[in-house]
Amino acid sequence: MDKLNDPSLLKCHSYINGQWHPSDTQIAVTNPATNEVIGYVSDAGISDVELAIDAAKVAFKTWSAHTAAERANLMRKWFDLLIANQQDLATILTLEQGKPLAEAKAEIAYGAAYIEWFAEEGKRIYGDTIPAPANDKRIVVIKQPVGVVASITPWNFPNAMIARKAAAALAAGCTFVGRPASQTPLSALAMAELAERAGIPSGVFNIVVDDDAKGIGQVLTQHPDIAKFTFTGSTQVGRQLIAQCASTVKKVSMELGGNAPFIVFDDADIDAAVQGAIAAKYRNAGQTCVCANRIFVHDSILEEFTHKFSKTVSKLTIGNGLHESTHIGPMISTKAVADVDNLVNASVILGAKVTLGGSVAKQGSHFYQPTVLTNVTNDMPIAKEEIFGPVSAIISFTDEDEVINMANDTEYGLAAYFYARDIGRVWRVSEALQYGMIGINEGIISNAAAPFGGVKQSGIGREGSKYGLDDYLEIKYLCIGGI
Ligand code: ADP
């Protein structure tokens, strides 16, 4: 870690009530590109999580009583520090998660943008006055923070997934207990260090690192002092956590899995579609929930698209994310590599053709070759499951209704993409796709001003945009009589 300008950003204990909490056991954090241990972090226990919840409960009283402008000023300082330390934060992120440094820097800016956005948006938590049914009454609606918020986040965006949740929570006046993925705790702890430097008061933003997701998950979903639980991860785990939240009727927000269709119609700009598909598929080595999972191409342009696309994919360089030339970093684990390889092999047995790649890369057991499969059908495992790796599955189609039916034939409904120029088609397809977010002639769609979230089994709630605060606010109706 001698690469850091400020090595004090590297923290090794949970951050609870403004203090760093050591413990007797340690979690080793490894660099997926090299398999080297880059640091050890204290493994918190249930009692530490309870301490964090208690602290957040106490801090809620004062934090929620701050004016929105006071909260915004502190959050703005946090944002400024995140941006000032972007290079170090990106280095930490690449070391523990593997993505190319340029992508890590982009993630730091993206995560910070939510803190900036919600700091401002917190000043616009407006209520309502409603005409009353009688002259001696008035109806007023105010909005108030829900209380203590708990979050569990995954390893694929170790900074931004926390930032998206904590920014909205803090701006609304809530306090926060976050549990990052144990593979990538260092980014979360560096955020906590900068929150402290920004002057965010003790107990408002807590990060608890542990290796017992299930045990900590039980506490965060069932503790009576937690008002809201927010999760980003797989649909399978999300379902369990929603069920756990039922016992105390918590508010929940869920950002779950996806199976994004990426449709290239015959009137598309093919070169733009190739670039969009590369961005939507190979970012973070294909390990994002909005990655293009099924690439549907009209049969009249199939050959041209596949040729241009495969040629571009063949130029992607695999390697350590710290090397400037790297486009495709390591996958998070050898299990993740094996899962992707199994999906590829299962589809090949059913008739898919490997046009490019198709196996573990020579760079090491954590790396998978950027792969293009053709002859894929919508019922193959590679089209049914979330690939979460650098593999493109190309499926041909002949007409609009057919491709819309295929695109919607999934339990997921997070992101979808399509390329077309005909304005009637753009509207028809946008309205027919059962997804929460649609990229039209665009492969990268997420930003702080836009509502991120899914329909069907891809989630509940939205992160970012003016809608993002709603999940952290209660509506209170005041009926004033005797006027
Ligand atoms: P991914 O494949 O992206 O890791 P998961 O849904 O398995 O998706 O994990 C997302 C986050 O949820 C991670 O931080 C993980 O440690 C945590 N997690 C996994 N299983 C559980 C569980 N049963 N209860 C609480 N958290 C869990």
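Start by selecting I382, which sits in helix 12 (residues 381–384). You are looking at a predicted model.

**Stop 1: I382 and its neighbours**

Is I382 buried or exposed? I382 has a relative accessible area of 0%, so this residue counts as buried. Now show what packs against I382. Leaving aside residues up to four places away in sequence, I382 touches N293, L343, V344, S347, L373, V376, I387, V391 and A393. N259 and I382 are 123 residues apart along the chain, and their C-alpha atoms are separated by 10.0 Å.

**Stop 2: F388**

Move on to F388. This residue belongs to the loop between helix 12 and strand 16 (391–397). F388 counts as partly exposed because its relative accessibility is 22%, and the cut-off for buried is under 20%. Check the backbone here too. The phi of F388 is positive, about 55 degrees, although F388 is not a glycine. Most residues other than glycine have a negative phi.

**Stop 3: the whole chain**

Zoom out. The chain holds 14 helices and 20 strands. Along the principal axes, its C-alpha atoms fill a box of roughly 70 × 65 × 40 Å. How does the radius of gyration fit a compact globule, and why? A compact globule of 483 residues would have a radius of gyration near 23 Å, and the chain has 23 Å, so the two agree. Of the 483 residues, 57% count as buried. Take the contacts between residues at least 6 apart in sequence: 72% of these join residues at least 24 apart.

**Stop 4: two domains**

Colour the chain by domain. Domain 1 covers 7–256 + 457–479, and domain 2 covers 260–448, according to the domain assignment. Their C-alpha centres lie 30 Å apart. How many residues of each domain meet the other? The contact involves 32 residues of domain 1 and 26 residues of domain 2.

**Stop 5: the largest pocket**

The largest pocket has about 1400 Å³ of space. Where does the largest pocket lie relative to the domains? Domain 1 and domain 2 both give residues to the lining, so the pocket lies between them.

Now highlight the elements around the largest pocket. Each of these supplies at least two lining residues:

- strand 3 (26–30)
- helix 7 (213–222)
- strand 10 (226–232)
- helix 8 (235–245)
- helix 11 (334–349)

Which helix gives the most to this lining? Helix 8 does, with 7 residues. Colour the lining by class next. The count is 20 nonpolar, 18 polar and 10 charged residues.

**Stop 6: helix 8**

Stay with helix 8 and turn to its buried residues. These are T235, G238, L241, Q244 and C245. What covers them? The cover includes helix 7, strand 10 and strand 11 (251–255). Helix 7 and strand 10 also supply residues to the lining of the largest pocket.

**Stop 7: the second largest pocket**

About 620 Å³ of space lies in the second largest pocket.

Helix 4 gives the most, with 6 residues. By class, the lining of the second largest pocket has 18 nonpolar, 7 polar and 6 charged residues. Keep the domain colours on. Domain 1 and domain 2 each contribute at least three residues to this lining.

**Stop 8: N441**

Finish at N441. You will find N441 in the loop between strand 18 (437–440) and strand 19 (459–460). Its relative accessibility is 25%, so N441 counts as partly exposed. N441 is a residue other than glycine, with a positive phi near 55 degrees.

Terms used
Residues numbered from 1 in each chain as written. Predicted model: local features only at pLDDT ≥ 70, side-chain atom pairs only at ≥ 80, totals over all residues. Heavy atoms only, no water. 1 Å grid on protein atoms, 1.4 Å probe; cavity = no way out; pocket = protein on both sides within 12 Å on 5 of 7 lines; lining within 4 Å. Points joined across faces, edges and corners; volume = space filled by probe spheres on them. Helix = DSSP H or I, 4+ residues; strand = E, 2+ residues; numbered from the N terminus. Nonpolar A, V, L, I, M, F, W, Y, C, P; charged D, E, K, R; others polar. Domains from an automatic or database assignment. Rg over C-alpha atoms; globule rule 2.2 N^0.38 Å. Buried < 20%, exposed > 50% of the residue type's maximum accessible area, 1.4 Å probe, protein only. Contact = heavy atoms within 4.5 Å.
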